[in-house]
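Please look over the sequence and the model shown here before reading on.

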Amino acid sequence: MSQKALLVIDLQNDYFPNGKFPLWNTEQTLANIKTAIAKANQQNIPVIHIQHLADPAMGLAPFFNQGTQGAEIHPEIMAAAPQGEVVIKHFADSFEQTNLEQVLSRQGVDELLVCGMMTQNCVTHTAISKAAEKYKVSMLMDCCTTVDEMIHNIALHAVSTRVELVTSRQVL
């Protein structure tokens, strides 16, 4: 029997309206992810929040600076999965120099459902990470977004040769 985990990558305030780098289609993506989290909760699928924080050693970043409201995970996401473990990252790949593998191992996870922001960067880099190769990986197309629809679709097409593209309805 497979143990899935839902990775919710960078659902942070800076990517929403009034944030420092608002993305395309955030309200629909937020609604879709909240639905996916509710379904994961019903099926006892662990939800893991991934939070990107800028490296303070590199100076002030355009967004995601530690201790700012913009770097915080969106409150509706935290309310939907308050029990979800938070993994802090500093690179696009959520496995790079984080404890994500240990969190997944502790929970016996062998299948990843990946979603979040931005499709062409952190979501894709996590899904095709060398460290992710030992998992069955699917990207939830309806639960990802980026700067615009064209880049979102280009990124999904590019990654489709490496991971399964599904909707949240198909796997949850």
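What follows is a walk through this predicted model, from the overall fold to local backbone details.

Residues are numbered from 1 along each chain as its sequence is written, and side-chain values use heavy atoms, with hydrogens and water left out. Since the model is predicted, local features need pLDDT of at least 70 and side-chain atom pairs count only at pLDDT 80 or more, whereas totals for chains, interfaces and linings use all residues.

The secondary structure comes to six helices and six strands, where helices (H or I, at least four residues) and strands (E, at least two) are DSSP runs numbered from the N terminus. From the N terminus on, these elements run β-α-β-α-β-α-β-α-β-α-β-α. The C-alpha atoms fill a box of roughly 45 × 35 × 30 Å along the principal axes. For 172 residues, a compact globule would have a radius of gyration near 16 Å, and the 15 Å of the chain agrees with this; the radius is taken over C-alpha atoms, and the globule rule is 2.2 Å times the number of residues to the power 0.38. Of the 172 residues, 52% count as buried, a class that means under 20% relative accessible area, with exposed meaning over 50% and partly exposed lying in between (1.4 Å probe, protein chains only). Among contacts with a separation of 6 or more, 78% come from residues 24 or more positions apart, a contact meaning heavy atoms within 4.5 Å.

An unreviewed UniProt entry lists residues 5-169 as "domain: Isochorismatase-like"; UniProt positions are given in the numbering used here, feature names are shortened, and annotations may be inferred rather than shown by experiment. In the model, this span is 32% helix and 22% strand, and its end C-alpha atoms lie 15 Å apart.

The six strands form an open sheet in the order S3-S2-S1-S4-S5-S6, with parallel pairing; two strands pair if DSSP finds at least two bridges between them. S3 and S6 (164-166) stand at the edges with a single partner strand each, so one side of each has no neighbour in the sheet. From one strand to the next, the twist averages 25°.

Within the sheet, S4 is joined to S1 by six bridges, with Leu 113 of S4 as the bridge partner of Leu 6. Six bridges also join S4 to S5, where Leu 112 stands opposite Val 137. Seven of the seven residues of S4 are buried: Glu 111, Leu 113, Cys 115 and Met 117 point one way, while Leu 112, Val 114 and Gly 116 point the other way.

Leaving aside residues up to four places away in sequence, Leu 104 touches Ala 5, Leu 7, Ile 48, Phe 95, Val 109, Leu 112 and Tyr 135.

Some backbone details remain. Most residues other than glycine have a negative phi, and most peptide bonds are trans. The peptide bond from Met 117 to Met 118, however, is cis, with omega near -10°, and Met 118 is in the loop between S4 and H4. Asn 44, in the loop between H1 and S2, has a positive phi of about 55° and is exposed, with a relative accessible area of 65%. Phe 64, in the loop between S2 and H2 (75-80), has a positive phi of about 65°, but this residue is buried at 2%.

Notes: Axes fitted to C-alpha atoms, helices over the stretch in contact; angles between N-to-C directions.
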